[in-house]
Amino acid sequence: MISATDLRLTFGKGTPLENPALRGMSLTVNQGEFVTVIGSNGAGKSTFLNALAGEVMVDSGQIIVDNQDVTRLPTYKRAARVARVFQDPLAGTCENLSIEENLALAIKRGQRRGLSAAVKRQYLGQFRESLSSLKLGLESRLGDKMGLLSGGQRQAVSLLMASLTPSSILLLDEHTAALDPKTAAFVLDLTEQIIEEQKLTALMVTHSMKQALEVGSRTVMLHQGQVVFDIAGKDREGLEVKDLLGLFEKQRGLQVDDDSLLLG
Amino acid sequence: MLSEIAFYGALETGLIYGLVAFGIYISFRVLDFPDLTVDGSFPLGAAVAAVLLLEGWNPWLATGCAVLAGMAAGAVTAILNVKLNILNLLASILTMIALYSVNLRIMGRPNIALLTEETVLTPWYDLGLDYHQVPVLLFVIVVFVSLILLWRFMKSETGLAMRATGANARMARAQGIATGGMIILGVALSNGLVGLAGALFAQSQGAADVTMGVGVIVIGLASLIGGEAVITPSTVIRALLACVIGAIIYRLAIAFALNADILGLQAQDLNLITAVLVTLAIVLPGVRTNIANRFTRKKA
Ligand SMILES: Nc1ncnc2c1ncn2[C@@H]1O[C@H](COP(=O)(O)OP(=O)(O)OP(=O)(O)O)[C@@H](O)[C@H]1O
Ligand SMILES: [Mg+2]
């Protein structure tokens, strides 16, 4: 379980560019939930994921992962519990390391690293097996440099890497956005398949409202650094994009009303 | 042609600079950390070894201390960068400048001659080899052992984590790698190798001098870039071999250039020649390597 409470974060505090990216963001994701996250540009989706991962430190609020307060822990100390796939296919892997070396890095995510050989013989079977499940023929190319792979292949391997060891939460930030539609569909299918098979808890940011409703078990929308709505279960079934937009309008309207109430 | 003495001399210094190139490979190539500390850690290694030899220490123990001193210097640079957020290049310049004073303090004077002291080379002269071949033989062994150890290390879990840190720090962090710690470890290791080179250089030349570090970084870079032009550094072992080959080729080339009277070059022209060669290597198309790109392209 992962829970964020009242996260606040302002970029460029005290400068003319002061920018409150998170304004009281709260969200609890239960074990096994697959949450899709939507919101307009600049809504704070990436910032929220970065805050969960430890890449940015929040000004206030609390982040709990599996009953441990990780609010002040740096990324590398959270890595045992938090797995990630980035938007940029180049970001999640090392292009000048081989496929097997990238996988060997990932199999030790969040664990102590010693002086024994990184790519161990006993890993190779597992690497080949998981790579062959991608059906990209990568199982025979373990020694190839990661940089030789296409964006879609790299993203598929990034997903594999993220799921090679158990995690409390898998963070996906528009991880199909940089791919062509066909490849994006392939990576999305793969994502659903892995999350389902391994019963992962996941948070997936997407720009497609349609996708947000089709995939996963719960959808939240962020706006101006806050959750504006959060739907799951029955409420979410049969919901269409236009319903989402309606919900958004309604929520925004309410918020304006709240403000005017306060001012009045 | 090159005399036998000049030839072995070039091999000897080439091998020592091979160790320097290993160090520069770790900082510049593996960690993507432009580190100029080496201009200070090279004479630091020499100073520490020389002073301890004067004290009558076991030569290998003295050399080991030189390695540790070099590692400490590297760690200072890296800590300035990682913990105090000083730009890496500037951090290394600060340490390098500070080391000039430190080295003078350690030696107590600008230079120390090691004429009668026992050095790591002393026992090897009894083997019956030609006088000029002895350092070459010993240094071949030292370089070979260092190369194997470094290669094993780079292939280890920690070594792979270090390579990931330099190649993609964000990804490395997400994999649970303490990138700051890796930078400190790597830059320390790098300067430990350079300290070793300085200690061996002092012992083979029979002197340590505070100014002996001037230009070490550029010679090391010349070796690295030259080596990469000969052996494409597509794997760790190839990259390490490139360091040694590059350093030896460089030294031989310099020896030839100095030897050819028509060129009218003298030993003091060395730094100028090196700087020109490195500049050419960086700007000439075709010899562009990743490391060359580092110095011409603005980092995103
Ligand atoms: N490192 C940073 N420094 C300063 N401002 C930042 C930084 N990162 C994000 N911001 C700002 O914080 C706000 C939220 O950005 P964020 O990237 O979280 O949005 P997003 O919801 O992911 O948007 P998009 O859909 O475009 O990816 C934006 O106004 C952005 O400009
Ligand atoms: Mg974003």
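Biologist: Let's start in strand 5 of chain A: which residue is the bridge partner of Val65(A)?

Modeller: Bear in mind that this is a predicted model. Strand 4 (residues 60–65) of chain A and strand 5 of chain A pair in the antiparallel sense, over 2 bridges. In strand 5, the partner of Val65(A) is Gln68(A).

Biologist: And what is the strand order of the open sheet of 4 strands in chain A?

Modeller: The pairing in that sheet is antiparallel. Its edge strands are strand 2 (19–29) and strand 5 (68–69) of chain A, each pairing on one side only. Reading across, the order is 2-1-4-5.

Biologist: Asp66(A) makes a salt bridge; which residue does its side chain meet?

Modeller: The N to O distance for that pair is 3.8 Å. The pair links distant parts of the chain, 15 residues apart: Asp66(A) is in the loop between strand 4 and strand 5 of chain A, and its partner is in the loop between helix 2 (75–78) and strand 6 of chain A. Asp66(A) counts as partly exposed because its relative accessibility is 31%. The residue it meets is Arg81(A).

Biologist: Moving on to strand 6 of chain A, which residue of strand 7 is the bridge partner of Val85(A)?

Modeller: Strand 6 (residues 82–85) has Val82(A) and Arg84(A) pointing one way, with Ala83(A) and Val85(A) pointing the other way, and all are buried. Strand 6 runs parallel to strand 7 (residues 169–173) of chain A, joined by 4 bridges. Val85(A) is partnered there with Leu172(A).

Biologist: Now the hairpin of strand 9 and strand 10 of chain A: which residue takes a positive phi?

Modeller: Strand 9 (residues 218–223) and strand 10 (residues 226–232) of chain A pair in the antiparallel sense over 6 bridges. Thr219(A), for one, stands opposite Ile231(A) in strand 10. The hairpin has 2 residues between the strands, and the positive phi, near 50 degrees, belongs to Gln224(A).

Biologist: Which residue pairs with Lys242(A) in a salt bridge?

Modeller: Lys242(A) counts as exposed because its relative accessibility is 60%. With 3.7 Å from N to O, the side chain of Lys242(A) meets Glu240(A).

Biologist: Why does Leu149(B) count as exposed?

Modeller: Leu149(B) is found in helix 5 (residues 133–155) of chain B. Together with residues including Phe144(B) and Val145(B), it makes a nonpolar surface patch of about 630 Å². The cut-off for exposed is over 50% relative accessible area, and Leu149(B) is exposed because it has 57%.

Biologist: Is Asn81(B) buried or exposed?

Modeller: Asn81(B) is found in helix 3 (residues 59–82) of chain B. Asn81(B) and Ile183(B) are 102 residues apart in sequence, yet 9.1 Å apart in space, C-alpha to C-alpha. With a relative accessibility of 16%, Asn81(B) counts as buried.

Note on methods
Residues numbered from 1 in each chain as written. Chains lettered and ligands numbered in written order. Predicted model: local features only at pLDDT ≥ 70, side-chain atom pairs only at ≥ 80, totals over all residues. Heavy atoms only, no water. Buried < 20%, exposed > 50% of the residue type's maximum accessible area, 1.4 Å probe, protein only. Pairing = 2+ DSSP bridges. Patch = residues over 30% accessible without salt bridge, like charges linked within 9 Å, V, L, I, M, F, W, Y side chains within 5 Å. Areas by Shrake-Rupley, 256 points an atom, 1.4 Å probe, with all protein chains shown as cover. Salt bridge = Lys/Arg side-chain N within 4 Å of Asp/Glu carboxyl O.
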